Amino acid sequence: MFYREAGQFRTTYEADGQILPIRQDRIVLLATLAIAVVAVPFIASPYLLSAILIPFLIFSLAALGLNILTGYAGQLSLGTAAFMAVGAFASWNFVARIPGMPMLLAFVLGGLCAALVGIAFGLPSLRIRGFYLAAATLATQFFVIWCLTKISWLTNYSPSGVITAQRIEIMGYAFDTPQRKYVLVLLVVALLALLAKNLVRSNVGRSWMAVRDMDMAAEVIGIRPMRTKLLAFAVSSFYCGVAGALYAFAYLGTVEPEAYSLDLSFRILFMIIIGGVGSILGSFLGAAFIVLLPVFLNIAAHGLALPTSVASNLELMVFGALIIFFLIVEPHGLARLWQIGKEKLRLWPFPH
Amino acid sequence: MKLLPSIVLGTLLAGAIAPAFAQEQFVALPSYRVGPYASGGSGFYGGIIDYFALVNAAGGVNGVKIAWQECETEYNPSRGVECYERLKTQQGGATLVEPLSTSIAYGILDRIPQDKIPMTMLGYGRSDAANGKVFPYVFPLISSYWSQAAAMVKYLADKNGGSLKGKKIVHLYHDSAFGKEPLPVLEALAKQQGFELVKVPVAPPGSEQQAQWLQIRQARPDHVILWGWGVMNSVAIKTAQRNGFPREKILGVWWAGSEEDTVPSGDAAKGYTAMSFNTPGNYPVLDEIRTKLYKTGKGNLADQARIGSVYHMRGVTAGILFVEAMRTAQEKFGKGKPVTGEQMRWGLEHLNIDLARQKAVGAANMFPTVKTSCEDHEGSGAVKVQQWDGKKWVAITPNWIVGDRALVKKLIDESSNKYAAEKNIKPACMP
């Protein structure tokens with residue numbers, strides 16, 4: 001009923017190939033975007049913006065990056081946080097060392113640096129796959145963090161190795177309040193998400209999926225595995241790099257290696273597992289789940305006046321149990337649940 | 001799907017648990033009691049809360065009771081920022097924050113002047129925040145890492161008859177921001193006093209140090225500075241014993257000088273020395289905490305044996321400093337009513353806790369006298385050296401040690417002015 005498609009005719013190839021073929025989906029998406037851009041900055045509290053929505057959007061972008069690599073191209077990676085760190089440190093250095101560097105360009109250049117590092121560490125994927133590749137990408141995590149603590153040029157010889165991020169200023173307009181930072185992050189994430197959605201629908205995305213499903217067969221039908229895999233590494237690392245730069249500049253306010261620990265890589269991996277591997281929407285759902293659940297549990301425990309140590313242990317337990325529950329009940333993640341729900345709604349109230 | 005109900009419920013709950021407390025002074029405590037550094041966090045925040053509870057039981061500061069709220073950060077910068085954002089608006093707004101974590105402190109460093117909430121950093125970085133002209137809202141009270149490093153060198157020089165010329169000192173450090181912080185001071189002093197500085201990093205968390213201690217043994221140093229944190233400390237002590245390196249020659253930083261570091265090392269730790277800004281021992285204020293709080297079941301620590309332990313005493317010290325800042329601010333801005341964050345900042349900048357004041361709160365000589373000003377947000381820079389006798393810590397320097405203050409001041413000015421230039425801050429004292 002909610003998805004009644006009767007009367008929606010697609011008469012051109014353009015109409016047939018659009019991202020959201022059902023009119024209801026288009027309306028909901030546009031309305032959500034409109035509310036997110038126009039209404040949310042005015043009605044949401046600074047806490048909601050700066051402590052919930054901004055990290056949610058940034059982690060969505062990082063999860064999107066990992067999803068391109070792992071979900072679409074089938075290359076398991078544990079180095080997501082390292083690529084984010086490269087993006088953050090590179091952007092910081094571009095702004096610090098080149099006078100008059102536009103901030104957005106610095107983010108893009110930071111992403112490109114991450115892409116280069118991604119290509120370098122993606123090279124082993126040509127020979128190894130699966131768990132072995134995961135172990136190889138783990139090396140990225142250790143190597144990048146080691147470099148960042150070791151080479152003090154990267155932190156401009158700061159005695160402690162922790163540097164504060166510069167103010168975000170774009171064309172003389174300072175993004176220094178939670179509202180402005182939120183709008184900036186939202187626009188960057190929305191743009192890159194649209195790009196990713198189109199990318200995975202294009203022949204590039206199809207070749208990624210072909211390599212993921214069976215690389216031998218893909219090679220036989222004329223897909224060059226080397227180029228495809230390295231392109232996936234580059235694009236994925238670019239997304240992670242931009243996410244890392246936003247994480248440092250729009251959320252943390254500092255640029256430091258410890259913020260990009262292995263723990264963060266795992267969290268982003270959980271996001272795509274819970275959200276849905278190989279799904280753009282899944283990246284957002286997974287990020288929302290992982291960002292919101294601990295905060296929600298924490299606030300709930302506080303409402304029940306539990307001591308903080310009990311509260312945080314409870315948080316870990318509930319979190320772990322939910323992850324296991326999801327993996328057993330719906331291994332394809334929240335995105336798949338939404339898809340099932342949508343199909344049910346199409347037939348409702350007369351399932352057959 | 002998941003997002004909307006969570007937000008709605010979350011805001012409802014947050015609204016329900018934050019009624020207005022007009023006559024209370026609210027302090028934000030982004031604490032950590034789980035995770036790898038829980039032992040330090042629980043002791044430190046336990047100490048602060050115990051002291052606050054004690055002050056409240058006696059009627060508060062001129063009748064104003066202290067309110068506080070904890071938020072678990074797990075020592076994670078991202079969680080810490082979220083906690084700060086959540087706590088800062090609770091109960092009419094936070095007027096003081098203490099995250100006890102370098103990363104979290106850095107993460108909120110730019111936000112606190114905007115929110116007008118002073119932040120204390122009791123005994124951790126960033127050292128150059130002692131310059132109140134550039135960092136008006138940041139207070140590395142008592143002593144920063146740089147003052148501590150200078151005091152360490154002073155102590156070692158005194159031990160060697162006043163000069164370290166021709167000696168060899170190993171700096172065995174946690175390879176992170178924390179471990180690298182004292183390097184500018186140690187390097188400058190090595191050049192000035194003519195001793196050789198050998199830098200040996202340990203990759204975090206530092207649970208394996210065989211190679212490092214082999215290197216140390218080959219270098220035959222006169223002293224080893226152990227700039228460690230967490231599990232690294234007890235591993236260092238045990239590995240030193242296994243390699244036959246005398247523990248008396250090891251001097252730990254104050255994050256390597258608690259019961260949690262020495263007790264797990266067993267006999268290996270006997271004779272080990274470490275820095276502290278507390279004189280170990282018993283004080284009237286600790287007795288009061290025992291009788292008035294723990295006897296009635298209102299104490300914060302689960303294990304009563306930890307009362308008066310290094311981390312607990314450090315927390316009590318922090319509590320005393322906070323309460324004295326409130327008192328100082330109330331004396332200027334009106335007694336008997338809570339002060340704002342800006343007024344609290346003024347109070348922290350005009351602290352004057354001499355021996356008489358320490359006696360009045362039952363903590364005479366528990367920590368050095370603290371006198372802050374706009375130029376000096378540290379207020380002391382004095383430390384002590386303590387030694388583990390196998391059962392407890394004993395102070396082995398009767399007087400407070402102060403290192404080369406002029407050198408530290410010079411480095412603070414250089415570094416903070418660089419920060420000011422980067423951030424377009426015009427250094428100036430606030431009224």
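User: Which residue of chain B meets the side chain of A:Lys150 in a salt bridge?
Analyst: In this predicted model, local features need pLDDT of at least 70, side-chain atom pairs count only at pLDDT 80 or more, and totals for chains, interfaces and linings use all residues. Residues are numbered from 1 along each chain as its sequence is written, and side-chain values use heavy atoms, with hydrogens and water left out. A salt bridge is a side-chain nitrogen of Lys or Arg within 4 Å of a carboxyl oxygen of Asp or Glu, and the count between chain A and chain B is 1. At 3.3 Å, N to O, the partner of A:Lys150 is B:Asp175.

User: Which helix gives the most to the side of chain A that touches chain B?
Analyst: Contact here means heavy atoms within 4.5 Å, and by that rule 41 residues of chain A and 44 residues of chain B take part. Helices are DSSP runs (H or I, at least four residues), numbered from the N terminus. Among those that each supply at least two residues to this side of chain A are H3 (46–72) and H6 (131–150), but the most, 10 residues, comes from H12(A).

User: Is B:Asn424, with its positive phi, buried or exposed?
Analyst: Most residues other than glycine have a negative phi, whereas phi of B:Asn424 is near 60°. B:Asn424 is found in the segment after helix H16 (405–423) of chain B. Buried means under 20% relative accessible area, exposed over 50% and partly exposed in between (1.4 Å probe, protein chains only), so B:Asn424, at 72% relative accessibility, counts as exposed.

Definitions and conventions:
Chains lettered and ligands numbered in written order.
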